[in-house]
Amino acid sequence: MIEDKVDIRPGVSVLGILRYLNYKPWYALGEFVDNSVQSFLSNRTAIEQVDGSSVRLKVSIDLDPHPNHPQIRVRDNGAGIAAVAYSRAFRPAAIPDDRSGLSEFGMGMKSAACWFAPRWSVRTSALGESVAKTVAFDIATIVRDDISELTIKQIPERPERHYTEIVLDDVFQMPVGRTVGKLKEHLADIYRVFLRNGELELCFNGETLRYEEPKVLQAPSYKEKNGEPLLWRKQIQFDLGHGMRVDGFAALRATANVAKAGFALFRRNRVIEGSGDEGYRPHQVFGNSNSYRYQRLFGELNLHGFDVSHTKDGFRWDENEEPFLDLLREHLDSDELPLLKQAENYRVRESKQQLLRSAQHAVTNTAAAMESRLESVLPQVAGEPPTETGPVIDEVAKPLAQRKFNLKFRDEEWCIVVEVSDDAAESQWLVVRNGVRSPGGPRELQIQMSIIHPFMVRYAQGDSEDVEAFLRMGAALALAEVTAREAGVKGAGTVRRNLNEILSEVLSEI
C-alpha cells in the first residue's frame, strides 16, 4: 500500500463547528448526491466510452443503525475524485473552478459529513487512474492537533473502474422510524428530474426510489358544473429582470391533499425548497391552511438567476420574494385558466372508499376522546336532575362508520353511539336521538353526522382531520342539548334544528 498526503489547509478549525449547522438529514444526504450527480454529468462522455451509452448514475445510501457503531454509507459509480482535484475536494471552502453545476460552494461533502459523524472516510477510484485512494477524517483529532495534512492510502485499481464511497462512522443521530420514510420521500422529490429522465438510479437501503407524479384535476369549471372537462394545468413563465426569471408549471391535484400540495422550487434541476411534505406555500398565494388552494395547488417552478443558501435548503430572496409572488399569483389566476378560483370553488364528491376512511378515522378518535373523559365531565355540565325524556330511537339506515361505548351518568347506564352517515335521505347535518332505557339495557344516545351534507362536501369531506373536527363539534353540541334537556330546559333541540336549517340553506352555498 502506498501512502501520500493531502493538504486540508486553511481553515481546519471550521470542521469542528460544522456539526452544529442547521441541516435537515435529507439536505445533508443530498450534498453527497449532488457531488455524485455533478461528477457523472461532467464526465458523462468519458464514462459512456467505458461503460456504453446506456450507462446511468447509481447512488446507493445504506443505513446501519448498529447500537454500538451506527454507520451510513454512500456509494456511486460517478467518475471518482481525480488526483488534480484531490486537494480542493478535501480543503474546507475551496470553491470549484466551475460553479455552474450542483457543486458550487466547496463545502457540501465536508459540511454534511461533519454534521452527521465525528469520523468519516472517502474511498475513490477516478476514471482513467490506476489507483484507489482512501482518506480518513477524525474531526476531534484534526481540530485538537491543528492537523494540516491527511494521509492518502493508495492501492492498485483498474483504470476503467470509477466510484466513490463515503463512510460516516458513529453517526451522531441515526435516522430511524418515521424519519427514514421522510428521508426517502424527500430525496425522491429533490432529485425527481434526474429520476424522471433516467439519468439517476437512487437506492436507499436497497430500495430504488421513485417519484410519484400527482394526478392533475380534469373537471369542468366551477362556473359550469355540467361543462366540458378541462385539464387544470398551465405553463408558468415570467421575468423579474436583473437576470432573474421563472419557468415551469402549476396545476391542481385531482385529489386534495394537505401534505402533498404546494410548489417545488428548483435550481439547476434540483429542488431547493418544497420537497416531501414541506411544499412551498406562501400565504399570498395559498391563503390559510384550511383553504382549498392550500390542499390542491401544486407545481414545479425553475428559478434562474437566484442565489441559494450554502446548505442548498432555501433561496436567498433578499427583496425579490414579494415581486416573485405578485407575478406568480397574477399568472396562476389569469382568465384563460384561473387555477386559484377553481381550487377555491370546485367541489367533488369523494369516493365511497375515501369517505369510509375519513369517517372511520373521525368516529374512532371522537368516540375515544368521549369515552375517556365524558363520564367525569357530564355531571358538571348537566347541573340538575333529569326532568324530561327525549324521543325514542327509530330505525335508521346503516351508518358509514359507527362506534359505541358505555358510561354511567346519574346512576344510570348509558350507551353512546357516535356515527357518520352517507344516507342521501337524511337532510340534516346533525341528528340526535335520545332514547329511553329499555328493560335490562342501557339508555341510548345516538349522535349522527352526515358526511354528504352540502356543508361537509364543501368544507370537509375528504380530509379525515377536518371530518373529525366537525364530528367533535357536533358531538359537543349534541351532549350540550341532551344535558340541557335532562336539566329541564324546554325546547332544548331548537338550536340544533335552526343550525341544521341555516347550514343547509345559507352556509353551504358558495
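Predicted model: local features only at pLDDT ≥ 70, side-chain atom pairs only at ≥ 80, totals over all residues.
Local features need pLDDT of at least 70 and side-chain atom pairs pLDDT 80 or more, while totals for chains, interfaces and linings use all residues. Residues are numbered from 1 along each chain as its sequence is written, and side-chain values use heavy atoms, leaving out hydrogens and water.

**View 1. R281 sits in the loop between β15 (270-273) and α8 (283-286).** Helices (H or I, at least four residues) and strands (E, at least two) are DSSP runs, numbered from the N terminus. R281 is buried (under 20% relative accessible area, 1.4 Å probe, protein chains only). R281 has no salt bridge (a side-chain nitrogen of Lys or Arg within 4 Å of a carboxyl oxygen of Asp or Glu); D277, the nearest side chain of opposite charge, is 7.9 Å away. Look instead at the backbone oxygen of V258, which the R281 side chain reaches at 2.6 Å.

**View 2. Five strands form an open sheet in the order β12-β13-β16-β14-β15.** Pairing is mixed, and two strands pair if DSSP finds at least two bridges between them. Because β12 (233-241) and β15 are edge strands with a single partner each, one side of each has no neighbour in the sheet. Find β14 (residues 262-267) beside β15: the two pair in the antiparallel sense over 3 bridges, with R267 opposite R270.

**View 3. Helix α4 (residues 108-116) is largely enclosed by the rest of the structure.** Why? Because 9 of its 9 residues are buried, including K110 and W115. The buried residues of α4 pack against several elements, among them α1 (25-42) and β4 (119-125).

How values were computed
Buried < 20%, exposed > 50% of the residue type's maximum accessible area, 1.4 Å probe, protein only. Lys, Arg positive; Asp, Glu negative; His and termini not counted. Polar contact = N/O pair within 3.5 Å; in protein donor to acceptor, adjacent residues only side chain to side chain. Contact = heavy atoms within 4.5 Å.
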